[in-house]
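Welcome, and please have your viewer ready. We will go from the whole chain to a few selections, one stop at a time.

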Amino acid sequence: CLLLPAGEQFLSSDQYFRLPVRRRNLVRIRESFLKDPRRTIRTVVTAADEESVAVEVDEYVLTNEVSSALAKVLDNYCDSQSVEDIGIWLSGFYGSGKSHLLKMLAHILGDVEGATVDRGHVVSSFVEKAKRTPQGEFLAGSLKKAAEIPATAVLFNISDEAEGGEENGDSVLPALYRVWNRMLGYSVVPGVAAFEKELALG
């Protein structure tokens, strides 16, 4: 099947070669794509990997379902009067895009350590995507409002942080505490970290 310029029909090879030469202004199928289909496309997005985040931001597709959920999350986040009991549970089947969405949320809601893309760029990109969704200007406004809240986003793989790995059954809280202490420049050993904090406070 051959593709003729925009506005014309699809033709079989036989139909195409019956056309007068002047009408054989053939468009290759790969040329009809907005982005080069021959580029490398990563099949798995890892939350803490910053190597290809610029491409992941650019190519993220803000579906109606995600935009609706994102609008609710940002509305609650921006209007919250307290940092107590704020939590979001993100679930889905393997390959459904959880890590990709989580990564985008982190870059929207805060500064990510070692980021290769500016937070403002990510927000601007998503504002444009938001305008093409049913939530439109409401979601775009919430994105801009969230970007004004100073915050730091910490991305990590919980199974990598659990002592002894997943088999050890280490609870989530100690793993979070280790990551938090490391981010602040303290030891990942709780007792040592507590001593270091006392020294820092004088």
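**The whole chain**

Colour the protein by secondary structure and follow the sequence: the pattern reads β-β-α-α-α-α-β-α-α-β-α-α-α. That comes to nine helices and four strands; helices (H or I, at least four residues) and strands (E, at least two) are DSSP runs, numbered from the N terminus. Before zooming in, note that this is a predicted model: local features need pLDDT of at least 70, side-chain atom pairs count only at pLDDT 80 or more, and totals for chains, interfaces and linings use all residues. Residues are numbered from 1 along each chain as its sequence is written, and side-chain values use heavy atoms, with hydrogens and water left out.

Accessible areas come from the Shrake-Rupley method with a 1.4 Å probe, and for residues only the protein chains shown count as cover. Of the 202 residues, 30% count as buried; here buried means under 20% relative accessible area, exposed over 50%, and partly exposed in between (1.4 Å probe, protein chains only).

**Select 98-109: helix α4**

Helix α4 has twelve residues, and its first and last C-alpha atoms are 16 Å apart, close to the 16 Å expected at 1.5 Å a residue. The expected span is 1.5 Å times one less than the number of residues. How many of the twelve residues of α4 are buried? Nine of them are, so to speak, under cover: α4 is mostly covered. Among the buried residues are His-100, Leu-101, Met-104 and His-107. Show the neighbours too: the buried residues of α4 pack against α2 (53-59), α3 (64-79), β3 (111-112), α5 (119-130), α6 (136-147) and β4.

**Select Lys-103 and Glu-56**

Stay with α4 and show side chains. Lys-103 forms a salt bridge with Glu-56, with the closest N and O atoms 2.7 Å apart. Lys-103 lies in helix α4 and Glu-56 in helix α2, so the pair ties together parts that are 47 residues apart in sequence. A salt bridge is a side-chain nitrogen of Lys or Arg within 4 Å of a carboxyl oxygen of Asp or Glu. Are these two partners buried or exposed? Lys-103 is buried, at 0% relative accessible area, and Glu-56 is buried as well, at 7%.

**Select the other salt bridges**

The count of salt bridges comes to three. Pick Lys-145 and Asp-79, whose side chains meet at 3.1 Å, N to O. Lys-145 lies in helix α6 and Asp-79 in helix α3, so this pair ties together parts that are 66 residues apart in sequence. Lys-145 is partly exposed at 40% relative accessibility, and Asp-79 is partly exposed at 39%. Then pick Lys-131 and Glu-128, which form a salt bridge at 3.4 Å, N to O. Lys-131 is partly exposed at 39%, as is Glu-128 at 41%.

**Select Ser-67**

Go back to helix α3, where Ser-67 is found. Ser-67 is buried, with a relative accessible area of 0%. Leaving out residues up to four places away in sequence, Ser-67 touches Leu-62, Thr-133, Pro-134, Gln-135 and Leu-139. Draw a distance to Thr-133: Ser-67 and Thr-133 are 66 residues apart in sequence and 6.9 Å apart in space, C-alpha to C-alpha.

**Select 172-184: helix α8**

The 13 residues of α8 should span 18 Å at 1.5 Å a residue, and the end C-alpha atoms are 19 Å apart, which agrees. Which residues of α8 are buried? They are Ala-175, Arg-178, Val-179 and Asn-181. These cover an arc of only 165° around the axis, which puts them on the same side of α8; the arc is that of the directions from the helix axis to the C-beta atoms. The buried residues of α8 pack against α7 and α9 (190-201). Just after α8, Gly-185 takes a positive phi of about 90°.

**Last stop: a surface patch**

Select Val-154, Tyr-177, Trp-180, Met-183 and Leu-184, which form a nonpolar surface patch with about 440 Å² of accessible area together. Patches are made of residues with over 30% relative accessible area and no salt bridge: like charges are joined within 9 Å, nonpolar side chains (Val, Leu, Ile, Met, Phe, Trp, Tyr) within 5 Å. Val-154 sits in the loop between β4 (152-153) and α7 (158-161), and counts as partly exposed at 38% relative accessibility.

Terms used
Contact = heavy atoms within 4.5 Å.
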